[in-house]
Amino acid sequence: MKKQFLNAAEDIGIKLCRDAIWENERCNWVTIDKGIDGKKTEYSFFRSLGGNFYDGTSGVALFLASLASVSEEPVFMKTAIGALNQALSTRQKMAEYPSALLGFHVGWVGIAYTSIYIGRKTGMQKFVEAGLEMIATLAAREGTDYGLDVIDGIAGALPAFIQIYQAYPEHSIREFVIKLGDTLLEKAEKEPNGWSWNTISEANRNLTGFAHGVAGIMHALLELYGFTKEKKYLDAAYEGWRYERHCYNDQEKNWPDFRKFSHSPQDVSYPCLWCHGAAGIGLSRARAYQVTNDPAFKEEAYSAINTTMEKTAFGNSLGASLCHGVMGNLELLLFASTALDDPGLAVAAEELGIQGYEMHIKKGMPWVNGLHNTYQVPGFMLGLAGIGYQYLRLYGPLVFPSCLIMNPGHAPCFDS
């Protein structure tokens, strides 16, 4: 079974290398995207990848470099380096939007993380130095005008900064990490039912969930507590948990998505995805149980797991992506199998992986991407690179760490 998972990752890696478009030492890919015109009509268009981690070349680079570490095929690392060179070439353009630089998924942090990782894997010190220079530039920046959530703000950056600090313990990085954590405390909206954070404007109330909501911020606060041992971060994480616990719908066995889909504040949905709903919230609870040993977190983790297992299968409307598809939901089972010491969950994750292998590798059906079509999107969170990385996770869960819930206690990306 494990060999099938590596075969799946290699199949995806070969497709990505085949489709790369090269110019000198850099390579890029064509992807499909969606937009909305002046009449609010959705349309699709083709574009090249940016440099970010979410759907850009740095995410592709991390997957291919990871694949190269367990494959004898040299084209994987060659293409990873080309993709990283392309990502690094976008730094100055991204710097025109300083408030977005902190994002792991959409800013500099994901590029820096990938650059350090590939530099250490290859012995190419220039990549380590480039990544550390980006981190130092961010740490020296004045102001707190950053986003707050996992995708484009503090909650996504904090665990990555802590991992980098563990490998390169610079005082300025530690001070910046604490500054970011204190910013989360300052910007919390404190109500009788717990604390929440205003992360997006188009919402009926502050969001639950991992990508843009309280669960992702709660996770960052718990990692910061583990890093500093300062109780104020643990207390804040519990306050976030109280907010989401108050929002939990026992009938749905899920947490609501408060994004505005209509003019009615009562019109909410209950998705089961990494980004919104049970799958991502379950990840936060499984990790919270690891950190605190609080049985309340374990109970909620299993509630989320049960809901996720009921709603997750290849061939349904989810698609396959990490952000909002089967492979992202699979991560809850895989991560929780270790966090909750439940080997049966790993078996369930592997069964999903085999289901995807049979349908998409063996039979050759195209993967359904995060845009819910079958164009083979190359990026990490919406397309092939992330699907391939998740197959590496299934192949070696102790070798390849989760990129959906970054855990500074398990960071083999920065092992020597």
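Hi everyone, let's start inside: this structure holds one cavity of 30 Å³ or more. By cavity I mean a set of points on a 1 Å grid over the protein atoms alone where a 1.4 Å probe fits but cannot get out, and lining residues have an atom within 4 Å of a point. Points are joined across faces, edges and corners, and a volume is the space filled by probe spheres set on them.

A quick word on the source: this is a predicted model, with local features needing pLDDT of at least 70 and side-chain atom pairs pLDDT 80 or more, while totals for chains, interfaces and linings use all residues. Residues are numbered from 1 along each chain as its sequence is written, and side-chain values use heavy atoms, without hydrogens and water.

Back to the largest cavity, which has about 90 Å³ of space. Its lining has 13 residues, and nearest the centre are Val150, Gly156, Phe210, Leu404 and Met406. By class, the lining has ten nonpolar, three polar and no charged residues; Ala, Val, Leu, Ile, Met, Phe, Trp, Tyr, Cys and Pro count as nonpolar, Asp, Glu, Lys and Arg as charged, and the others, Gly among them, as polar.

Now, what is the volume of the largest pocket? About 300 Å³. Lining this pocket are 14 residues, with Tyr54, Arg259, Cys275, Cys323 and His324 closest to its centre. A pocket here is an open set with protein on both sides within 12 Å along at least five of seven lines. The pocket lining splits into eight nonpolar, five polar and one charged. Thanks, everyone!
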